[in-house]
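Hi there,

Here is the model I promised to pass on to you. Please open it alongside this email.

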Amino acid sequence: MRIYLYILAGITSALLGWNIGQFFLTDLGLFTQFPEITLFPCIAVSLAFGMVMNEIFISNPTRPKRSFQTAQKPLLIALGLGILSGLIAGIISQILFLPIISVPTPIVRTLGWLLIGSSVGIAEGLSWLWYSMEAGSKKRFQQRLKTSVIAASGASFAAAIIFEIIRVMLGTMPAQFKGVEDPIGFSILGLLLGGVFSLTNSPSYLAALRAGRGFEYRDIKPDIKPNIQPDTKNHDQDSELPTLNQSYPYINKSVLSFVTPHDSLNEDEIEEGLSISLPGNQTITIGSSIDSTISIPGLPPHIADIKLENRTALLIPDKRFLYAIEINSVRTKSRKMIPLKHNYVLTFYTIEGDEINEEKYYRFVYYNRFLDPQA
């Protein structure tokens with residue numbers, strides 16, 4: 001569905017931009033002697049608008065009002081870059097079309113389309129900074145921007161080549177078919193841009209756990225020290241010993257990371273509303289042990305594993321504590337691996353003695369698609 005939405009948005013945006021350009025050229029008579037100066041900015045702005053709006057709404061499909069509010073700054077960026085790059089492309093094209101220079105038309109058109117495509121890629125990449133918290137990672141933002149520009153430029157170049165082949169084919173057809181050359185060409189441009197953006201703009205987090213109820217409070221307890229003597233040969237007398245457990249739920253930051261930074265005193269502390277980015281191919285452990293990937297006080301030392309592999313996630317309960325785990329409010333009854341799906345709610349109850357505490361539990365919501373940390 002995602003790729004179809006992108007392709008539809010690309011084709012619609014390209015044709016809309018072309019029609020707006022025709023309105024300025026034919027009805028208003030704006031730069032009729034230099035059509036590219038009018039046409040290219042209209043198409044660049046329309047494509048940039050379309051790609052940015054499509055990505056925002058796909059990332060947050062159930063909140064259109066919020067999406068409109070989020071889209072204000074990204075659309076302003078798309079407007080400015082579209083106008084600027086479109087004018088540059090149009091002016092360069094008109095200069096190269098001059099008889100004195102006499103550059104072949106296919107080369108000029110390809111260069112112009114490359115400028116349009118790269119501007120759409122820049123607009124999409126830069127505007128992403130304002131509508132997704134994921135862009136808070138400088139490395140991820142730079143990677144996304146670079147990928148968007150390269151992909152959009154490649155799609156534009158491919159569209160230009162295909163368009164020139166179609167022009168040659170239409171040259172052997174009746175004259176009435178020549179009037180649809182431009183709409184066909186820009187439709188191909190929009191189609192390819194939509195296709196590549198549907199791939200490059202896929203959510204980077206294939207899986208995530210969003211902390212829910214149970215993480216809104218912190219159970220303060222003194223840290224428990226291991227009952228061992230310090231090695232004075234290798235450590236100073238004042239050096240602290242590692243703790244067996246902590247008084248707050250936390251993640252192993254060498255394996256996991258939060259989607260967004262938070263203001264807690266502890267960088268590894270899990271708080272309600274935070275999303276934990278899960279690795280692509282790895283098994284993470286959940287329990288109260290300090291060796292757990294996700295450590296939560298009050299749980300058994302090991303209560304379950306989540307195995308992530310090939311875009312799938314499997315919950316593997318510890319057979320000793322099946323009664324302390326719920327999936328979508330249904331208590332687990334066997335150690336059989338449970339495939340996790342988007343929006344599945346995982347509940348882990350704390351245990352006191354051999355009994356579970358029904359009033360004290362921790363919940364996660366599992367996500368694996370359309371993950372927008374701001375949603």
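This is a predicted model: local features need pLDDT of at least 70, side-chain atom pairs count only at pLDDT 80 or more; totals for chains, interfaces and linings use all residues.

Residues are numbered from 1 along each chain as its sequence is written, and side-chain values use heavy atoms, with hydrogens and water left out.

**The sheet**

Helices (H or I, at least four residues) and strands (E, at least two) are DSSP runs, numbered from the N terminus. Two strands count as paired if DSSP finds at least two bridges between them. On that basis, six strands make an open sheet with mixed pairing, in the order S2-S6-S5-S7-S8-S11. S2 (250–251) and S11 are the edge strands, each with a single partner, so one side of each has no neighbour in the sheet.

S7 (residues 304–309) pairs with S8 (residues 312–317) in the antiparallel sense, over six bridges. Ala 304 has Pro 317 of S8 as its bridge partner. Two residues lie between the strands of this hairpin, where Asn 310 takes a positive phi near 50°. On to the neighbours: S5 (residues 282–287) runs antiparallel to S7, joined by five bridges, and Gln 282 stands opposite Leu 308 in S7. S8 also pairs with S11 (residues 338–339), antiparallel over two bridges, with Leu 314 opposite Pro 339.

**The cores**

A nonpolar core here is a set of buried Ala, Val, Leu, Ile, Met, Phe, Trp, Tyr and Cys residues joined through side-chain atoms within 4.5 Å. Buried means under 20% relative accessible area, exposed over 50%, and partly exposed in between (1.4 Å probe, protein chains only).

The largest core has 37 residues, and those touching the most other members are Ile 276, Leu 278, Ile 294, Ile 303, Ile 306, Phe 348 and Phe 364. Strands that each supply at least two of its residues include S5, S7, S8 and S12 (344–352). The largest share, five residues, comes from S13. Taking contact as heavy atoms within 4.5 Å, Ile 276 touches, among others beyond four places in sequence, Leu 209, Ile 251, Phe 258, Ile 294 and Phe 364. A second, separate core of 25 residues includes Tyr 6, Trp 18, Phe 40 and Phe 197.

**The helices**

Which residues does Ala 123 contact, leaving aside neighbours within four places in sequence? They are Ala 48, Val 52, Ala 78 and Leu 81. Ala 123 lies in H5 (residues 105–131) and counts as buried, at 0% relative accessibility.

Beyond four places in sequence, Leu 193 is in contact with Leu 47, Met 51, Ala 152, Ala 155 and Ser 156.

Leu 87 sits in H4 (residues 72–96) and is partly exposed, at 34% relative accessible area.

Happy to go through any of this with you.

Best wishes
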